[in-house]
Amino acid sequence: MSEIEIKNVFKSYPVGNKEEFVALKDINLTFEKGELVAVVGESGSGKSTLMNLIGGLDSQFEGDILIESVNLRGQTDKMLDKYRKNKVGFVFQSFNLIPHLSVLDNVAVALTLSNVSEKEKVEKASALLARLGLEKMLKRKPNQLSGGQKQRVAIARALINDPDIILADEPTGALDSGTTAQILEILKEIADDGKLVIMVTHSEKVAAISSRVVQISDGKIVGDRKNENYQKGETSELVKNSSKAEKQHLSFASAIKLAFHNMWTNKVKNFLMAFGVAISISSMILMLSFGSGLTDYVTNVASDYTNPLVVPVSKVSENMMSPVSSAWTDEEIENLKTEMNTYLSNNNQDFRVEDENIERGFTMINISGSLASVSFSKDGEEVTQNLFCLYTTPPTYNETNLIEGDFSGQSEAMFNSYLYELLGEEAIGQTLLVTVSYGGVVIEETVTVTGIVDTSVFDQILCMYIDYDYLNSLVVEQGEELQPTDLYVVTDTEQQANVLKEFISNSSNYSGSMEERLANMFSEMSSTISIALAIIAGISLIVSAIMILTVLYMSVSERTKEIGVLKAIGARRKDIRSIFVSESFLVGLFSGIVGIIFSLISYGIFVAVFNALLGFAPLALRWFYFALAIGLSLLISMLSGLYPAAKAAKMDPVESLRRE
Ligand code: ADP
Ligand code: MG
């Protein structure tokens with residue numbers, strides 16, 4: 001059985017429209033192990049075409065090529081990949097080393113494709129390189145080597161899987177005569193070890209040292225003679241103790257490692273890309289934290305002030321967005337009572353709203369700053385401070401609404417925690433002069449601080465809480481009457497309260513408490529803002545995806561040669577795809593992490609700015625946002641990496657190796 005039998009092989013290339021160029025015509029050849037064959041012929045005669053067919057890089061031909069009786073024609077890609085990986089080794093004129101890998105890794109990569117352990121890989125590759133005289137070059141990059149050294153690395157790569165056949169297409173074409181002799185000596189040693197070496201050459205001298213010269217012209221064999229003077233040398237065992245055991249495939253970890261290596265080679269480009277993606281990822285996280293921050297705020301505000309038996313009612317004000325409600329007239333209160341009682345009886349409730357069920361409240365928001373102020377002496381000086389809000393203490397409040405102290409009564413008042421900033425920790429017990437303008441009269445009253453109310457928010461402005469009846473008595477003293485802005489209907493059971501709340505939410509004239517209205521206003525705002533932000537974040541994610549696609553696509557084009565080399569040494573489509581998919585995975589992972597860092601930084605800044613401006617920050621981070629960020633960034637990068645990876649996997653090895 002011959003090692004290779006070529007029978008009636010024709011090969012044609014399509015050129016132009018429907019025309020074909022016949023590059024090989026009826027080739028018949030047999031090759032045996034131990035031969036050192038020189039294939040000679042003019043440029044364009046079909047030598048490389050023949051080598052590519054023998055090497056299983058091209059399976060589109062007519063006739064038969066039998067490798068140990070197995071026909072290459074009509075084989076599956078899977079078998080051809082395996083054949084290239086285990087049975088043949090390629091050496092090219094232009095070396096075709098992978099520029100970003102070290103000498104050692106260029107050789108070891110052929111073993112990586114077989115998932116050989118790291119230790120075994122390093123041992124085998126360095127031993128082989130040492131036998132080729134490259135023991136001091138292991139860490140170097142290809143561009144730090146001479147031509148002869150590069151070709152020796154390429155020979156080591158071809159030999160590392162201990163193939164039976166070495167195909168060398170003009171291996172000395174780029175070398176000077178001294179180096180040519182060295183490389184030929186090595187190829188001869190390989191043949192003398194019992195392998196079949198077929199090399200293409202132009203040089204008569206090279207042909208002269210071979211055991212056989214095959215001459216090809218215009219795609220036909222025109223000469224085939226044995227060299228009678230050929231001296232077989234000693235067996236040198238260039239490749240030792242190679243295990244021919246069934247080899248495995250590229251592992252996930254190795255694909256990631258290769259991908260990482262490549263990304264590191266292009267760190268600036270990849271970092272800039274990740275930076276871009278990270279910006280969209282972090283804007284998405286910020287958008288989400290705004291959404292949840294506003295929701296938190298709203299639920300806090302709404303839940304802080306609930307007493308299940310009390311139903312707050314306000315009139316819907318002209319301005320929907322205004323948190324300040326307008327005052328109730330006695331007539332309006334009567335109407336409310338009637339409407340509520342009708343609703344209650346329609347809903348089979350025995351309970352009726354009477355005057356004693358209605359408590360009154362008053363809210364004044366002093367936006368102009370001219371309606372209310374407090375004065376006190378501090379360090380011997382008289383200080384006046386605007387009151388931003390004046391509230392009567394709602395009946396819904398209980399101990400949990402107080403940070404410190406007690407509810408206030410006659411000649412007393414409570415304030416929010418901003419009072420600490422004005423009076424210090426010992427605020428309770430101190431006295432203040434309160435000045436309030438109401439309906440054309442001015443009230444001046446000295447009050448004692450009895451408690452500090454927890455407002456959760458608004459702690460950068462001063463708010464005062466005072467008893468309604470007490471405030472009313474002060475207004476009446478001045479000959480005016482206090483009109484309530486808020487009403488509280490006190491029920492006996494929660495069921496009654498719920499029916500009344502239902503009445504309010506069905507009514508277009510009434511709404512719930514001040515806080516509830518504030519909450520509605522915020523949730524309205526927050527949903528508008530969230531939608532706008534979501535659209536912006538969505539667009540920026542699409543832009544990032546296109547950017548990743550472009551960068552990876554360009555990287556595939558740049559690395560055409562490398563892909564060809566990997567295929568020549570037996571990489572399957574799958575392997576090429578997993579290397580490129582791993583690269584998009586790394587881009588996604590890195591972008592996600594950088595995005596999280598960006599969002600933490602900008603979150604900090606936003607919180608600080610909002611606290612300074614509003615006294616609260618409507619932002620809340622949730623841990624799952626980070627998982628979402630990583631997940632989304634992986635998703636968009638993997639999705640945009642699919643197409644370039646598929647393109648790389650599909651590349652024709654002959655075409656890609658032909659590229660200059
Ligand atoms: P050699 O290696 O002997 O210089 P090749 O085998 O590369 O020659 O090419 C043989 C002939 O086939 C040349 O005329 C070349 O132009 C043609 N050829 C090679 N590859 C292709 C291809 N992919 N498409 C069309 N023609 C091709
Ligand atoms: Mg050629």
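Predicted model: local features only at pLDDT ≥ 70, side-chain atom pairs only at ≥ 80, totals over all residues.
Residues are numbered from 1 along each chain as its sequence is written, and chains are lettered from A and ligands numbered from 1 in the order in which they are written. Local features need pLDDT of at least 70, side-chain atom pairs count only at pLDDT 80 or more, totals for chains, interfaces and linings use all residues, and side-chain values use heavy atoms, leaving out hydrogens and water.

**Exercise 1.** Describe the lining of the largest pocket and say where the pocket lies.

*Solution.* 
- Step 1: A pocket is an open set of points on a 1 Å grid over the protein atoms alone where a 1.4 Å probe fits, with protein on both sides within 12 Å along at least five of seven lines; lining residues have an atom within 4 Å of a point.
- Step 2: There are 27 lining residues, with Ser-48, Asn-52, Asp-169, Glu-170 and Arg-658 nearest the centre.
- Step 3: Helix 1 gives the largest share, five residues (helices are DSSP runs of H or I, at least four residues, and strands are runs of E, at least two, numbered from the N terminus).
- Step 4: Elements supplying at least two residues include strand 2 (19–31) and helix 18 (653–658).
- Step 5: Domain 1 (4–248) and domain 2 (265–298 + 522–658) both contribute to the lining, so the largest pocket lies between them. These bounds come from an automatic or database domain assignment.

**Exercise 2.** Find the residues at the centre of the second largest pocket, and the elements around them.

*Solution.* 
- Step 1: The second largest pocket has a volume of about 430 Å³, taken as the space filled by probe spheres set on grid points joined across faces, edges and corners.
- Step 2: Among its 21 lining residues, Leu-57, Asp-58, Ser-59, Asp-652 and Pro-653 are closest to the centre.
- Step 3: Strand 1 (4–15), helix 2 (77–86) and helix 18 each give two or more lining residues.
- Step 4: Domain 1 and domain 2 each provide at least three residues of this lining.

**Exercise 3.** Which residue forms a salt bridge with Lys-33?

*Solution.* 
- Step 1: A salt bridge needs a side-chain nitrogen of Lys or Arg within 4 Å of a carboxyl oxygen of Asp or Glu.
- Step 2: The whole structure holds 25 salt bridges.
- Step 3: The partner of Lys-33 is Glu-68, with the closest N and O atoms 3.9 Å apart.
- Step 4: Lys-33 sits in the loop between strand 2 and strand 3 (36–40), and Glu-68 in the loop between strand 4 (62–67) and strand 5 (70–71), so the pair ties together parts 35 residues apart in sequence.
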